[in-house]
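Have the sequence and the 3D view open side by side as you read.

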Amino acid sequence: MGLGGCIILIAVGAILTFATDWEVKGANLDVIGVILMAVGFIGVATFTSIAKRRRVVVPPSTPVVDERPDRRPYE
């Protein structure tokens with residue numbers, strides 16, 4: 001699940017928890033919404049920690065050579 005899926009879980013959970021007043025037999029939508037938000041936040045934390053490890057800066061393998069001619073005053 002990517003970052004977008006985690007954000008969708010958080011949004012759906014928030015909608016179920018805070019924006020609806022539906023009554024469903026056998027299910028508490030507030031608890032389901034809180035669970036979805038928790039899973040989304042855990043997913044975001046996991047995704048960012050994995051993405052942070054992938055960002056390793058590798059120095060260039062070839063040296064940079066400055067090919068400008070010398071600008072010496074008249075000798």
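Predicted model: local features only at pLDDT ≥ 70, side-chain atom pairs only at ≥ 80, totals over all residues.

**The whole protein**

- The protein has 2 helices and 0 strands.
- Of its 75 residues, 17% are buried.
- Take the contacts with a separation of 6 or more: residues 24 or more positions apart account for 50% of them.
- The accessible surface comes to about 6,800 Å², and carbon and sulfur atoms own 64% of that.

- Which residues of H1 are buried? They are Cys 6, Leu 9, Ile 10, Gly 13, Leu 16 and Thr 17.
- Look down the axis of H1 and these buried residues fall within an arc of 135°, so they line one face of the helix.
- Here's a handy bit of background: an α-helix has 3.6 residues a turn, so residues three or four places apart point the same way.
- Over on the other side of H1, you'll find Ile 8, Phe 18 and Ala 19 exposed.

- Thr 17 sits in helix H1.
- Is Thr 17 buried or exposed? Its relative accessible area is 14%, so Thr 17 is buried, given that buried means under 20%.
- Leaving out residues up to four places away in sequence, Thr 17 touches Asp 30, Gly 33, Val 34 and Met 37.
- The side chain of Thr 17 also reaches the backbone nitrogen of Val 34, at 3.3 Å.

**Across to H2**

- Helix H2 runs over residues 29–54, and Asp 30 lies in it.
- Asp 30 has a relative accessibility of 38%, so it counts as partly exposed.
- Asp 30 and Thr 17 are 13 residues apart along the chain, yet 4.4 Å separates their C-alpha atoms.
- Setting aside residues up to four places away in sequence, Asp 30 touches Leu 16 as well as Thr 17.
- Gly 33 is in helix H2 too, and it is buried, with a relative accessible area of 0%.
- How far apart are Gly 33 and Thr 17 in space, C-alpha to C-alpha? The answer is 4.9 Å, although 16 residues separate Gly 33 and Thr 17 in sequence.
- Apart from its neighbours within four places in sequence, Gly 33 is in contact with Gly 13, Leu 16 and Thr 17.

**Either side of H1 in the chain**

- Thr 20 is in the loop between H1 and H2. With a relative accessibility of 18%, Thr 20 counts as buried.
- Which backbone atom does the side chain of Thr 20 reach at 2.9 Å? That would be the backbone oxygen of Leu 16.
- Gly 2 has its place in the segment before H1, and at 36% relative accessibility Gly 2 counts as partly exposed.
- The C-alpha atoms of Gly 2 and Thr 46 are 9.9 Å from each other, with the two residues 44 apart along the chain.

Note on methods. Residues numbered from 1 in each chain as written. Heavy atoms only, no water. Buried < 20%, exposed > 50% of the residue type's maximum accessible area, 1.4 Å probe, protein only. Helix = DSSP H or I, 4+ residues; strand = E, 2+ residues; numbered from the N terminus. Arc of directions from axis to C-beta. Polar contact = N/O pair within 3.5 Å; in protein donor to acceptor, adjacent residues only side chain to side chain. Contact = heavy atoms within 4.5 Å. Areas by Shrake-Rupley, 256 points an atom, 1.4 Å probe, with all protein chains shown as cover.
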